[in-house]
Amino acid sequence: MATDDRKILEVKNVKKHFKTVKAVDGVDLHIEKGEYLALLGPNGAGKTTLVEMIEGIQHPDEGEIILQGKHWKGHKEELHHIIGLSLQETRFIDKLTTYETGMLFASFYKLGSKRVNEIIELVGLSEKRNAYVVNLSGGQRQRLALGIALLNKPQILLLDEPTTGLDPNARREIWNILQNLKNEINTSLILTTHYMEEAEVLCDRIVIMDHGKILSQGSMEQIIRLNNFYEIVDFSLHKAPAASWNLQPNTDMCIEWNPEKLSGRLYVKKVQEDMPELFELLNRHNVSINQFNYRKATLDDVFTTLTGRHLNEQES
Amino acid sequence: MKQFYQLLISHFKEIIREPSVIFWGIVFPILMAWGLGIAFTQKPGLTGNIVFIANTSKADILPKTLSSKLNLNKTFSKGQTCYKFNYADKKSGKVELNFYPKTWDEANLMLKKGETSLVIDFKNNNPAFYFDRMNQEAQLLFIHTSGLLEKGPAYFTNLNTHAEPLTLAGTRYVDFLIPGLLGMGIMMSCMWGLSYSLIEKRSKKLLRRMVATPMNKTVFLTSLFTARFTMNIVEAIILVIFAYFYFGLHIQGGIFALILLLTAGNAAFSGLAVLISSRTANPEVGNGLINAIVTPMMVLSGVFFSYHSFPDWIINIIRPLPLTMLNDGVRAVFNEGAGLSETILPTIILIAEGFIFFIAGLKLFKWY
């Protein structure tokens, strides 16, 4: 089938249990050639376990994982050649240079110095070509790890939190590399991240996971629309309106009111259309506005409502 | 092949670029051979501190028994009066005895601190000797000193009438020591070098990263062994060359048997290293495990001193230890002129042990 040919990875109803924890609990996922997908979720959501099963180092208890039409079982050698990956934190051999580290890994793919030089160029480490790995900065090490992952021109690239712990500049450098890659070659990417912005900037599709399940997926706009978040107004009032105060929202509007703090949040589809109604109501009750903040809904808003946690929150 | 070559040179660079590796692997064994070799070959024939009981430690009066038999030089250093007896001849070597006048209280203190091991009380001109009967050095000091007090320096001349010093090659302490250091070097290098390298790579998640590529695991381990083996052989050759020129040490037995035996030793300890490092990702746990294996063998397996003075039942436990087999074999080649027929059995056992450890290690081995 023509449509199936485009699917480079299919995850079908995959489950994985560890003793008492359901790390991955029935996940269905597919990714197409050239597609960039972000896997978002708090710590302990099951992202890493899912990625490790895709990498082939863990095996699902139930379900199937199919890469380019092949299972891991019996095709290990072949599949290792089409994936590239970088782990959350890999430390290479301290006293090897950038180039030597590249050569070492290149030899596993039967590649030579030509490709290593290309990669060093690609990830912008030309100046650090002969520096020992131990002397590279955090960002440079992550770029090296990314370069190593790209050596074999992988069909599918798996990056586990590639920018965690990096400063904004270093993070942007990695983003640039990945964006250029997208324009130049037809690699598919699965990226796990804590950073909303990273998912928004880099990825075509976003998958939100928690407790081993997929909560929502789609493009950023789709997720936001799907969950009825468009625009958000935070406001606080000078005094409480009368006890009978009741904002009758039209169907597209939703309000959260905190009577103690005299503040509220409105979720609206289009702020221009819905605001006059609110202002009129406040005027009628003779209530003045203390603060008024308007912004577009972000993925973070969706995420927080879906999982009840912020992305960076540690699981207690 | 490309894989093997790249892995091998990476391991080499990793070893060579760590300056402390060169020190501990090459310089340290030579320093140890040199230091211990010197300490035990240049040692005077008989030396010791002896206390004789006086009323005060400032006593100027020598007991008659002493002054009449021995020609003593009075010295005064570090606030102590000391009467020195020096004697030397070809057969006895250098004899140096220091007599200190002390009160009983002071003498007891010196005994406790180990500053002396023999106390003489010259009551009524009949010397009474006090020493620990379990201490062989004290016994020896007692025998010689009492002989000297009876006969004067002539005692040594009489003693040596029938004594001939050994000059046969292979009977000196260095001859015993160097083969032991070779064996220990191989053990230490394999256990620390290999185990640590594996555990560290696991804790860095580098092993996990590597097995996510088409890298061949067997090639990886083989290259690691090869790099370590080559380093060990280089270290052994340097130590032997040093011992040859500095101490005149000769390999009396078969070179081929020696090479085989050293290879077998490498195999045994490489296998053991893989077994030890097969699971843990915690370098501190690794540290403890390695020490638990290495330390008993260093003490028991006859590196610095012969294990033959241990009780029989302990010797039965010591003999089959890999380091004991290696040391005994290497020593036999160096000093007893042993050839392949004598070393083939330990060689085979060591290789078999290495193989078994390695297979067991692989079964348990965690790549991530």
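Start by selecting Thr324(B) in this predicted model. Thr324(B) has a relative accessible area of 0%, so the residue counts as buried, the cut-off being under 20%. Now widen the view to helix α13 of chain B, residues 322-336, where Thr324(B) sits. Next, pick out its contacts. Leaving aside residues up to four places away in sequence, Thr324(B) touches Ser301(B), Tyr307(B), Ile318(B) and Arg319(B).

Now show both chains. Select the residues where chain B meets chain A: 22 come from chain B and 30 from chain A. Together the two chains bury about 2700 Å². Carbon and sulfur atoms account for 59% of that area. On the chain B side, highlight Lys204(B), Arg209(B) and Pro214(B).

Turn to the charged pairs. Six salt bridges cross the interface of chain B and chain A. For one of them, select Glu18(B) and Lys95(A). Their closest N and O atoms are 3.4 Å apart. Polar contacts between chain B and chain A come to twelve residue pairs, both residues at pLDDT 80 or more.

Last, colour the chain B side by class. The part that touches chain A has eight nonpolar, four polar and ten charged residues.

Technical notes: Residues numbered from 1 in each chain as written. Chains lettered and ligands numbered in written order. Predicted model: local features only at pLDDT ≥ 70, side-chain atom pairs only at ≥ 80, totals over all residues. Heavy atoms only, no water. Helix = DSSP H or I, 4+ residues; strand = E, 2+ residues; numbered from the N terminus. Buried < 20%, exposed > 50% of the residue type's maximum accessible area, 1.4 Å probe, protein only. Contact = heavy atoms within 4.5 Å. Buried area = accessible area lost by both parts, 1.4 Å probe. Salt bridge = Lys/Arg side-chain N within 4 Å of Asp/Glu carboxyl O. Polar contact = N/O pair within 3.5 Å; in protein donor to acceptor, adjacent residues only side chain to side chain. Nonpolar A, V, L, I, M, F, W, Y, C, P; charged D, E, K, R; others polar.
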